[in-house]
Every structure is written in structure tokens, then in C-alpha cells.
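Good morning, and thank you for joining.

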Amino acid sequence: VADRREGIGVCGWILVSLSFLLVLTTFPISIWACIKVVREYERAVVFRLGRILSKKAKGPGLILILPCIDTFIKVDLRTVSCNIPPQEILTKDAVTTQVDGVVYYRIHSAVSAVANITDVHSATFLLAQTTLRNVLGMQSLAQLLAGREEIAHSIQAILDSATEQWGIKVSRVEIKDVRIPVAMQRAMAAEAEAAQEARAKVVAAEGEMNASKALKQASMVLAESPAALQLRYLQTLTTLAAENNSTIVFPLPMNMLEGLGQKNRGG
């Protein structure tokens, strides 16, 4: 109380006393002008003779305002979404891109938001724009496309540190879209297609190599047993006959033909 008396001075306390007397003499009519309602998600910063009363926001609920000497400002504490329009950004590797995002923040100190800055929402919006450009300007295009989450966390930390004295708490930052020139998109698509084709050729070559090794092993096994080769002929013939109903010319081994000729001569 002593500090408050020193703050507003003798004249101030005289005005406060007169205001109380005015309320008492015009009661109960004056009570309707003195009582204000503050919602659950709001806080009221009360100024008495130009000074913040009690250095603390009032509410929620009913608050008492003295006529003529008290004024108040309501501050909304709900989370605000700040939509950052597309920003022209030159990346670290000299690629021009357009990046937009969204920032979610809320006021955690109503007194700081009123007393430390003129328009807290406009200031936060402009700071988010400049921070987005500064942070993304230090990243390459590949880092920008692959590390959106890490970049968003970095922007959030910078904004949270800068807006702390304004009573702002930045809860989340998201990078919505990254637009790059059409020529760059075509070049990146051609590069990705070439990389896919190179990988496909490598896989095909590895498959051919493995197949040739398997065929070599199979030929070695068949060479050890001539009867196995004949059985393989018959198996192939069965497979072809089951799949396609057509005439098949199948070569017979020469040794079988020689055996048939010897039998005919003997008969």
C-alpha cells in the first residue's frame, strides 16, 4: 500500500477518494458502471490514473472499476493461428523458392502484452515473416525439402525467445508448402528418373549374373548324368503342352535314334 501511495501521489489518492465517494453517493445506480465481467479465456489489465493496478491482470469473473480514474483493456488468452503468406527466399545454393507457413501462439502474460508493445499480434506476424526468411536463407534446397521439421523447430525456438518479453508463448510452427521454379522441377524429375534407371540397370545386371551362375551349376549337374538331360527334355515338353495347345517339334537325342535303328535291323 505504501508503494502504491508513493506511486500515484497525494493528488492521486485524493482522486481515488472522490471516486469512492461518487460511487457511494450514487449507489446502486453506479454499481452497474463499476462492475465488469471478464470471460474465462480473457484477462483485464486495469489502469488506475495511468498505472497498471497491482501489476497483475484481473479475472476471470467480476471486477470492480472506479469511474473516471480506472480504465481497462481485455486480452484474449486463446491460441492464435498466424498465417504467413508465401515468402520469396533465395536458398544457400542460389535457388529461388516460395515458402509459406503457419505459427501458433498464445498470450501468457496479459500485462506484458499490453505494456511492452503497441500491437502484439502485428509484431508477432512481422517477426514470423522475417525469421522464416532468415532461417530458410541459410539452408540449401535439399535441406529445405528434407528437413522441414527440424527447420520448423528452429524457427519456433527463435520466435519463442524473441517474443518472451511481449508475453507471447509460441507453441508450434509449421512449414506448409515449398514452391520451386518449373525448370527446377523438371531438372529434379529428370535427375530422379536417371537415378531410378541406373538402379534398375544395376539390379538387372545382378539378376543376370546370378542367373548365369545358376545355369552354369545346372549344366554341370546335367553333364554328370545324361539321363537327367533327357528327363529335363520331357519335363519341358509337358510344360509346353499344358500351356499351349499347338504342334511342338521336339528334338530327340541322337543316341535314342541309334538305339531304335539297331532294333529295326535286328527285327
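I begin with a definition: a disulfide is a pair of cysteine sulfur atoms within 2.5 Å. By that criterion, the structure holds 0 disulfides. What we are viewing is a predicted model, in which local features need pLDDT of at least 70 and side-chain atom pairs count only at pLDDT 80 or more, while totals for chains, interfaces and linings use all residues. Residues are numbered from 1 along each chain as its sequence is written, and side-chain values use heavy atoms, with hydrogens and water left out.

Consider Cys 34. Its closest cysteine sulfur belongs to Cys 68, at 9.4 Å, which is too far for a bond. Cys 34 is also buried, at 1% relative accessibility; buried here means under 20% relative accessible area, exposed means over 50%, and partly exposed lies in between, with a 1.4 Å probe and protein chains only. Cys 82 is buried as well, with a relative accessible area of 6%.

I turn to the sheets. Helices (H or I, at least four residues) and strands (E, at least two) are DSSP runs, numbered from the N terminus, and two strands pair if DSSP finds at least two bridges between them.

Strand S2, residues 42–48, pairs with S3 over 2 bridges in the antiparallel sense, and Arg 48 stands opposite Arg 51 in S3.

Another open sheet, also antiparallel, has 3 strands in the order S6-S7-S8. S6 (80–90) and S8 (168–179) are its edges; each has a single partner strand, so one side of each is left without a neighbour in the sheet. The twist averages 20° from one strand to the next, where axes are lines fitted to C-alpha atoms, for helices over the stretch in contact, and angles run from 0 to 180 degrees between N-to-C directions. S7, residues 96–107, pairs with S8 over 10 bridges, and Gly 101 stands opposite Ile 175 in S8.

Which strands does helix H4 lie across? Helix H4, residues 120–136, lies across S6, S7 and S8, at about 35° to S6; contact means heavy atoms within 4.5 Å. Helix H6, residues 148–162, lies across S7 and S8, at about 145° to S8.

Finally, the annotation. An unreviewed UniProt entry lists residues 12–35 as "transmembrane region"; positions follow the numbering used here, feature names are shortened, and annotations may be inferred rather than shown by experiment. In the model, residues 12–35 are 75% helix and 4% strand, with the end C-alpha atoms 21 Å apart.
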